[in-house]
Amino acid sequence: MKSVWQNTVQLPRFPQLNKDIHTDVLIIGGGIAGILTAYYLHQAGVKYVLVEKNTICSGTTQNTTAKITYQHGLNYHQILKSYGTYAAQQYLTANKRAFEQYAALCRSIDCYYEEKDNYVYSTNNRKKLDDEMEALHRIGYQAELCENPNIPIKTMGAVKFPRQAQFHPLKFLSVVAKGLIIYEHTFVREMIGNTAITDQGTINANHVVVTTHFPFINKHGSYFLKLYQHRSYVIALNNAQDVNGMYVDECRTGLSFRIHSDLLLLGGGGHRTGHKGGNWNELREFAKRVYPHSTEQYRWAAQDCISLDDIPYIGQYSKRTHHLYVASGFNKWGMTGAMTAAMILTDRILGKQNDCADVFDPSRSILKPQLLVNGFEATKNLLTISKKRCPHLGCALKWNSAEHSWDCACHGSRFDENGKVLDNPANGDLK
């Protein structure tokens, strides 16, 4: 089960750490957020090291649908409502800057970069679309309202952001990562202050950046309350419709569409990790009904961290950890989210002021409705009787029959049939 990205690129490989070292900045996690942070620190002449427990891009990054856009669902209305006009403008500005950085870098990288319009549609709620259009108008962005998006679903319309982009993420990162100081197969088992303990040696750093998808240090930041994880599924079809754009349902369990080369990437079947959902079966049923002459070329699944308010956590890990930083909770929009994180964290380490950083502050209020849902899920699964328990915080594991894995509904850790950890925050295998 490999994504189309994995099957069409050869990533550079890096050595394993085998000694004790000291560096100015340690980056833990070799996905797109970690690699881009390393890239910008490298450009700035900062002494850094990136460590990855497996190989670079072996987690969520290799399973993205790779849309580069500053339209992240219908979230500008919600940000404006919760935090005000200035915060919504900060969010827009930060993600537009991230988009522009991709455009600049991709000019010299052969990675299928191409501009496409992006659409967020609704199947049942026109008011959500109207509210989003009004919010965008208030913060100074002129989106378009599309009455009939070019997808085989009946909708109430869509909010369109013109001239967004898509690309091949691993071809892009295969170039960006070359020449960076990276150690693969280097698993950080424990942090003692600013010292990382691995099986092969220790790394002492002045600053530590955690880009491990789900933050793994539990004693700071309360990320086990502030995040949950959501799985979604993709099938790549040939002989299907050219939708000529990127489309996503405003509902997390809806469908997404975009073209790569001659393949339609159809996404959906989503569910909270540890719960039941439509998975690939839902997508195959849709394809059988709507694209009867298509054939499935690839299938894969992704897992995303969802924050309490659909805004990523980027910045100081907690108020008390002045040299420990985090980037997480990209809410299915990891491309611009990762670039935004790299830019904000690099500025922070260099002592520069970033005028968009406040809206992403990890220490902002956690008093959101999702907190109650996360707390309920954790309590219910802690009290559930099960022989299989997650080593992260002890929650009961559920069998995922579609993917043949043991999944944690509390925080999203996943394990294969033999107990090997597949997705964090669990920092080890089942015993």
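Predicted model: local features only at pLDDT ≥ 70, side-chain atom pairs only at ≥ 80, totals over all residues.
Student: Which strand runs parallel to β12, and how many bridges join them?

Tutor: That's strand β4, residues 114-121, joined to β12 by four bridges. To find your place, look for Tyr-119, which stands opposite Tyr-247 in β12.

Student: And what about strand β13? How many bridges join β12 to β13, and do they run parallel or antiparallel?

Tutor: Two bridges link β12 to β13 (residues 256-260), and this pair runs antiparallel. Here Tyr-247 stands opposite Phe-257 in β13.

Student: On to helices. What describes two packed helices?

Tutor: You give the angle between their axes and the distance between the axes. For a case here, take helix α2 (residues 75-83) and helix α4 (residues 126-138): the angle is about 65 degrees, and the axes are 7 Å apart. As for handedness, α2 passes α4 in a left-handed crossing.

Student: Which residues make that contact?

Tutor: From α2, it's Asn-75, Tyr-76, His-77 and Leu-80. From α4, it's Asp-131, Glu-132, Ala-135, Leu-136 and Arg-138. Sort the residues of this contact by type and you get four nonpolar, two polar and three charged.

Student: Now the cysteines. What is a disulfide, in general?

Tutor: It's a covalent bond between the sulfur atoms of two cysteines. The count in this model comes to one disulfide. That disulfide joins Cys-395 to Cys-410, with an S to S distance of 2.1 Å. The link is left-handed, with -100 degrees about the S-S bond.

Student: Where do Cys-395 and Cys-410 lie?

Tutor: Cys-395 is in the loop between α9 and β18, while Cys-410 is in the loop between β19 and β20, so the pair ties together parts that are 15 residues apart in sequence.

Student: Is Cys-395 buried or exposed, and why?

Tutor: Buried means under 20% relative accessible area. Cys-395 counts as buried because its relative accessibility is 1%. Cys-410, at 2%, counts as buried too.

Conventions:
Residues numbered from 1 in each chain as written. Heavy atoms only, no water. Axes fitted to C-alpha atoms, helices over the stretch in contact; angles between N-to-C directions. Left-handed = near helix turned anticlockwise from the far one by under 90°. Contact = heavy atoms within 4.5 Å. Nonpolar A, V, L, I, M, F, W, Y, C, P; charged D, E, K, R; others polar. Pairing = 2+ DSSP bridges. Disulfide = S-S within 2.5 Å. Buried < 20%, exposed > 50% of the residue type's maximum accessible area, 1.4 Å probe, protein only.
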